[in-house]
Amino acid sequence: MTIIKKTIPLSDGREIEIETGKLAKQADGAVVVKMGKTMLLAAVTSAKEAKEDADFMPLQVEYKEKYAAAGRYPGGFLKREGRPNDSEILVARLIDRALRPLFPDDFHAEVFVTVNLISAEKDIMPDALAGLAASAALAVSDIPFGGPISEVRVARVNGELKINPTYPEMENADIDIIVAATYDNIMMVEGEMKEVSEYDMLEAIKFAHTEIKKHCKVQMEMTEEVGKTEKRAYSHETNDEELRTAVREFCYDKCYAIAKSNTSKHERTDAFDALKEAFLETMPEEKREEKTIMVNRYYHAIEKEAMRNMILDEGVRLDGRNTTQIRPIWCEVDYLPAAHGSAIFTRGETQSLTTVTLGTKLDQKEIDEVLVQDTQQFVLHYNFPPFSTGEAKPARSTSRREIGHGNLAFRALKPMVPIGENNPYAVRIVSDILESNGSSSMATVCAGTLALMDAGIQLRKPVSGIAMGLITDKSEKGARYAILSDILGDEDHLGDMDFKVTGTKDGITATQMDIKVDGLPYEVLEQALEQAKQGRLHIMNEMLKTLDAPRPELKPHVPRIAQLIIPGDFIGAVIGTGGKVIQEIQKVTSTTITITEVDSKGIVEIFGESKESLDAAYEWIKGIATIPEVGMIYTGKVTSILEFGAFVEILPGKEGLLHISEMAWNKTAKVEDVVNVGDEVTVKLLEVDERSGKLRLSIRALLDKPEGFVDPERRPRPARGGNSDRRDDRRGRDRDRDRDRDKRRR
């Protein structure tokens with residue numbers, strides 16, 4: 001067994017270790033990447049031959065976190081890992097998007113990349129190591145691959161850029177991006193920021209690339225040491241140069257004309273399909289079926305070339321716009337009268353219908369991952385049904401693409417949505433894409449902003465987003481490029497870059513970039529960022545014409561939340577034994593109540609459908625948590641009557657004795673002459689016994705003293721140490737009185 005280890009030192013003294021030759025030796029390539037106590041096992045396998053008629057790269061990436069890695073049991077009934085959660089899917093997408101462009105265009109064998117978190121140190125973020133692990137596994141295999149690559153997280157912590165920071169350090173970060181690159185080129189960027197400038201974002205990308213070059217160099221050394229510099233031979237495509245020439249001669253000029261026709265998406269697609277069918281009709285029938293796959297491949301390349309040349313030569317795009325124009329925008333808010341907040345955002349042929357729903361703490365999303373256990377007050381869900389692109393197919397479970405696009409929109413809006421003390425509501429945004437031709441995730445950001453403001457959520461600042469594209473050409477004519485604002489679906493598919501940027505008027509909040517070409521200069525990226533800024537500010541201006549600020553109030557049908565802070569000592573009293581008290585309050589008042597203990601205080605949130613129910617629960621809880629004060633006046637209910645007085649509940653769970661002598665200035669013959677059980681009476685608290693806590697109440701103290709009234713002379717109490725028989729008699733009478741009172745109350 002030959003084991004090879006390599007070490008990558010980081011600037012802060014930490015190091016990353018890559019090992020191969022010990023685990024998973026039957027895979028085509030396998031490595032273990034270690035940082036601190038965190039370890040990831042990456043294994044890659046590839047079929048020897050491509051499936052028949054395959055004309056694409058069938059790459060599948062899986063990322064899985066094992067609960068045993070952190071010494072934890074999985075949740076749920078089965079107590080084992082199940083389908084990937086959203087976080088695992090997002091990491092798998094980060095790996096996939098960096099690797100996919102680097103496989104040879106004519107390599108069509110199935111490739112499987114599996115990355116498992118097998119040991120987890122609680123402060124180390126494993127997602128930043130996953131791309132490196134996947135690339136290193138490919139580097140020590142014989143699978144054809146144009147890497148190596150690496151991925152790193154860059155954060156700006158207290159003004160300083162840092163590679164692969166820890167979880168605690170991220171609490172003070174205003175930049176959080178994952179960058180993937182080869183030794184020479186940036187491949188992928190994704191992350192969130194707190195309103196940073198385009199310059200700062202570009203500097204973070206450059207900082208990441210400097211680190212990535214070290215990772216790539218170590219992988220190149222490993223490739224040589226394991227003897228995998230020569231990759232496997234393959235032949236996955238059959239070509240016919242004579243047919244390629246025939247397709248070009250028949251189709252190129254016609255493709256160019258269709259591209260320039262300025263028609264709608266479906267009309268243009270139908271025209272392109274009809275042109276391809278027209279060429280197939282020129283072929284003998286016996287060859288048509290045999291050569292169809294080849295024709296599809298050649299025709300796609302010609303369609304791509306015609307569209308790109310039109311943009312580079314004439315500066316005209318498929319829908320007739322120039323490179324910086326934004327498609328027409330229209331918006332509407334409050335479209336759904338029963339929703340808590342709603343908006344429609346339409347840009348060209350892309351449309352999002354977005355809703356906002358407000359809930360309680362009980363509605364917050366619970367996160368139970370290997371390294372993260374938390375609740376999430378703000379969530380965003382994105383749905384992309386097939387009808388949005390005119391496809392006739394069923395809608396199944398949420399796709400990885402939907403999770404990825406929703407996460408980008410979530411990160412864009414997250415810094416601007418108030419949470420905690422500034423907003424007691426759980427907030428859920430749902431974006432349903434009704435039409436799509438161009439970035440629907442950016443439409444979600446814009447519609448989400450409008451829906452939040454329509455709901456009355458006091459958004460810190462509005463957020464807008466734009467998708468940028470790039471067309472490049474390196475030929476005998478020289479290097480040319482065109483940066484495209486607000487790209488169409490075809491421009492994304494046939495172009496060289498998909499670059500999404502979101503932000504407020506003051507800076508960037510999120511970005512996602514996929515680059516499909518080598519050697520993209522930073523100057524081009526800088527220009528693309530500036531053009532994106534102008535585009536998203538234009539989009540925001542159009543949005544704010546519909547609604548320019550959050551509504552000052554929630555809508556009338558939105559359930560209200562009241563917040564009450566009580567001393568920590570009273571939390572148990574409000575909850576009651578086994579939750580008896582709080583359950584009774586919720587049942588009687590038809591409210592939902594949550595209590596959170598923070599800094600020895602109880603933060604009580606009451607969620608009610610009406611003001612009456614909210615007020616009733618509020619007063620009930622306030623009463624439980626209130627300490628009665630001598631001299632204060634209370635209105636309470638008579639709970640029981642004895643010969644010598646009545647007991648009155650002046651606050652929830654707090655009773656006092658209204659003695660018969662305190663019911664009126666004149667002598668009261670019978671308690672029932674003044675009060676009965678169930679009566680509401682207003683009383684004054686005269687005394688709180690320091691030892692027993694018993695309360696002494698009075699009605700008389702609230703009444704005007706009758707004119708000429710003379711208080712009866714009270715007999716002095718016997719001195720201490722007086723007649724013991726009299727003292728014993730008095731104690732006996734007190735015991736009998738207390739026993740009788742207890743029997744009556746029961």
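Two strands are taken to pair if DSSP finds at least two bridges between them, and helices (H or I, at least four residues) and strands (E, at least two) are DSSP runs, numbered from the N terminus. The structure is a predicted model, in which local features need pLDDT of at least 70 and side-chain atom pairs count only at pLDDT 80 or more, while totals for chains, interfaces and linings use all residues. Residues are numbered from 1 along each chain as its sequence is written, and side-chain values use heavy atoms, with hydrogens and water left out.

By these criteria, strand S11 (residues 329–333) pairs with S12 in the antiparallel sense over 5 bridges, and within this pairing Glu 332 stands opposite Ile 344 in S12. On strand S13 (residues 350–359), S12 is joined by 7 bridges, again in an antiparallel arrangement, with Thr 355 in S13 as the bridge partner of Ser 342. The hairpin of S12 and S13 has 2 residues between the strands, and Gly 348 takes a positive phi near 65 degrees there. Strand S12 itself (residues 341–347) is mostly covered, 7 of its 7 residues being buried, where buried means under 20% relative accessible area, exposed over 50%, and partly exposed in between (1.4 Å probe, protein chains only). In a regular strand the side chains alternate between the two faces of the sheet. In S12 both faces are covered, with Gly 341, Ala 343, Phe 345 and Arg 347 buried on one side and Ser 342, Ile 344 and Thr 346 buried on the other.

A second hairpin is formed by S7 and S8, with 2 residues between them, and Asn 158 in its turn has a positive phi of about 50 degrees. Strand S7 (residues 150–157) and strand S8 (residues 160–163) run antiparallel and are joined by 4 bridges, with Arg 156 opposite Leu 161 in S8. In the loop between helix H2 (127–139) and S7 lies Pro 148, which is joined to Gly 147 by a cis peptide bond with omega of about 5 degrees.

Most residues other than glycine have a negative phi, and most peptide bonds are trans. Ala 24, although not a glycine, has a positive phi of about 50 degrees; this residue is placed in the loop between S2 and S3 and is partly exposed, with a relative accessible area of 36%. Asp 486, also not a glycine, has a positive phi of about 55 degrees and lies in the loop between strand S19 (478–485) and helix H10 (489–494). Asp 486 counts as buried because its relative accessible area is 2%.

The largest nonpolar core has 160 residues, and those with the most contacts inside it are Leu 99, Phe 103, Val 115 and Phe 499. Apart from it lies another core, of 18 residues, among them Val 638, Ile 650, Leu 651 and Val 681. Such a core is a set of buried Ala, Val, Leu, Ile, Met, Phe, Trp, Tyr and Cys residues joined through side-chain atoms within 4.5 Å. Leaving aside neighbours within four places in sequence, Phe 499 is in contact (heavy atoms within 4.5 Å) with residues including Met 201, Ile 466, Met 468, Met 513, Leu 525 and Leu 529. Ile 311, found in helix H7 (residues 285–314), counts as buried because its relative accessibility is 2%. Not counting residues up to four places away in sequence, Ile 311 touches Val 316, Arg 317, Ile 471, Ala 482, Leu 484 and Glu 491.

A search of the whole structure finds 2 cavities of 30 Å³ or more. On a 1 Å grid over the protein atoms alone, a cavity is a set of points where a 1.4 Å probe fits but cannot get out, and lining residues have an atom within 4 Å of a point; grid points are joined across faces, edges and corners, and a volume is the space filled by probe spheres set on the points. The largest cavity has a volume of about 40 Å³, and its lining includes Glu 19, Lys 22, Val 31 and Leu 41. Strand S2 (15–20) and strand S3 (29–35) each supply at least two residues of this lining, the largest share, 3 residues, coming from S3. The second largest cavity has a volume of about 30 Å³ and is lined by Arg 14, Met 35, Ile 124, Met 125, Ala 128, Asn 164 and Pro 165.

Definitions and conventions
1 Å grid on protein atoms, 1.4 Å probe; cavity = no way out; pocket = protein on both sides within 12 Å on 5 of 7 lines; lining within 4 Å.
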